[in-house]
Amino acid sequence: MTPRRLQQIHPPAAGPEDSATVPERPTDRPEIEVTASGDGRFEGRVRLDDGRAISFLVHRDGQQVHVWIGGQSYVFSPAAPTVRVRGQRQGASDDIICPVPGVVIAVHVSQDDAVEAGQDLVIIESMKTEQIVKSPRKGTVQRVSVQEGDRVDRGMRLVVLHPLTEAPGGGGSC
Amino acid sequence: MFAKVMVANRGEIAVRVLQTLQAMGIATAAVYSDPDAKAPHAALADEAYALGGSSAEETYLDRQKLIELALSCGAEAVHPGYGFLAENPAFSRECAEAGLVFIGPSPETMELLGDKIRAKAMAVQAGVPIVPSSPLWSPGDSRPDELSSEIGFPLLVKAAAGGGGRGMRIVERRQDLEQALESAGREAASCFSDGRVFLERYIPAARHVEFQVLADSAGNTIHLLERECSVQRRYQKVIEETPSPALDAGLREVMGRSAVATAKSAGYANAGTVEFLVDAQTGEFYFLEMNARIQVEHPVTEETLKLDMVEWQVRIASGEPLTLSQDDIRPTGHALECRIYAEDPYADFAPAAGRLLAWRPPSGMGLRLDSGVTEGMEISAYYDSMLAKLVAWGPNRQAAIGRMTGALESFPVVGVTTNIPFLIRAMAHPAFVSGDYNTGFIPQHPELTSAPGPAGLGAAAAEIAELFWQSNGSNTARPTADARPDALGPWHGLSKAVYP
């Protein structure tokens, strides 16, 4: 097994903890047969532990490696610095990140508003569909980074909540 | 017959319509927005004209621009596809005033059917059962209690001008009603320029079954059997099939007659679809609405009846009579359609944009792909997220499912997240395989959309990515199309690698 330098960024790993950890395989390396190659891309077959040989396609795009295998698509990128990883962890995050590209059509909160878990924060129209961005937890709004009419991309910061330890009046248990 | 037709749409449906027009020997013109300058529909047409702009409003929804282009290129008719202006009576009327034939029903019929309240009254007159619903609600209206009292909860908020699930919300509790009305009204206003919505009783465990109809200008009307469309997310269809596993011969007969009665009562001419809800528990059915356009899912009907629905649209619009009779409609086998959406099945089907780094559709016996994209294309957030429709035909349902599964598993797509992994799981799900499913299929089965564990494919993918990344980093040799070992760059020196 090759030492891991990449982290799976999509799809999200199902396990509750560390998404980057892949169980050790009993064999060292899978048997890989390359059938075609092109600009930054290889195609071939890989033999799985259960003996099946299935097709794959791997494509590098900048800092991302895309792998299609047996109907499933994966995206990997170099493991992010610890700080970023911590910021991305669900549940305790302070940054509310835009899930889709599109246009902001409504902002339901302003600075210093108290919000409940599940409360609507921002509505984004993307591909003709409204996407409602909800608060992942109870807290207080530190900053709203977008306004109505803004064009936004996936991964952009929409709203920042006060960190839990600093939340004013945050005596509740979270 | 027309000498030249302009297609006022984009994506797979524009390609689909252009293909039929070309097969009929009709000259074709396409229109395109800035992001679509290199799109397949623009390349396929004999002539293609820039609409200038990116948003739908300044391009495919700009009626004046479209009519001016149609006139200046010498088109005699306009095919609107579905979505955009397909069910816009004003566009149809303006086409007629400009001397252009609009390939679709008359503006009067569209106005009637586009108003869901009037359409329901019309169905009642035709003797077709309907789902109880409220009068219209407009933004600022303060009567939600009055409107909901006769309907009860849970209920649906629906757009009066609706279609395709836009402006639709399910409301379980009274306290969520105002917000749902406002949100649905806003979405409806954005999609249809009409923010009016109404309430409708929600029937749990319902199946969505629709009947295709064809009618000519003389009123000859037949139906082309049903399509089962119960696999939905956000009230939008994802998987369709015909025949429906929910109908027996008796129910099919009665619903088919109701569909024809509805179309005749609406004075319908051209291809249209009558949508019904079927209560899976009681076997009762209710008229929902009639869609005055070609449907996204029309290919499953075409594959079991071996006919070209777009060709019939064009022939009827040019004044030809419908030469098919109801007795000519004899289906063969079973057809399934999977809509390939650019969206994340593991994140509540959130839309996903990006560049299609790889797009390798499968092909073979009994397979059909209606696609509007090509490899390398940028998928923007401006338009709908549907990339293509994969259709599989088989002599029976089981064979069609098998063929579809094989095709989905051998359809490499990277760069843009798609719902293909979900579709593969759906094809294998016991509820789908048994045919006993309803519109709650996706929410009732969270295993369809839960992220995959790291075992199996994920582990192999991680290994492949790692090898590719690490050897690519240390080896500057550029990979070539020739896959000899010494030309392999990133893969050079793999311990167990086997090269052809």
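Visitor: In chain B, what share of the contacts with a separation of 6 or more comes from residues 24 or more positions apart?
Guide: This is a predicted model. A contact here means heavy atoms within 4.5 Å. Among contacts in chain B with a separation of 6 or more, residues 24 or more positions apart account for 64%.

Visitor: How many helices and strands does chain B have, and what is its radius of gyration?
Guide: Chain B holds 16 helices and 23 strands. The globule rule gives 23 Å for 500 residues, and the chain comes close to that, so it is as compact as a globular protein of that length. Its radius of gyration is 24 Å.

Visitor: What percentage of the residues of chain B count as buried?
Guide: Buried means under 20% relative accessible area. Chain B has 500 residues. The buried share is 59%.

Visitor: Which residue with a positive phi follows helix 1 of chain B?
Guide: The helix reaches 19 Å from its first C-alpha to its last, close to the expected 18 Å. After it comes a residue with phi near 80 degrees. That residue is B:Gly25.

Visitor: How many residues of helix 13 of chain B are buried?
Guide: Helix 13 covers residues 420–428. Among its buried residues are B:Phe422, B:Leu423 and B:Met427.

Key
Residues numbered from 1 in each chain as written. Chains lettered and ligands numbered in written order. Predicted model: local features only at pLDDT ≥ 70, side-chain atom pairs only at ≥ 80, totals over all residues. Heavy atoms only, no water. Helix = DSSP H or I, 4+ residues; strand = E, 2+ residues; numbered from the N terminus. Expected span 1.5 Å × (residues − 1). Buried < 20%, exposed > 50% of the residue type's maximum accessible area, 1.4 Å probe, protein only. Rg over C-alpha atoms; globule rule 2.2 N^0.38 Å.
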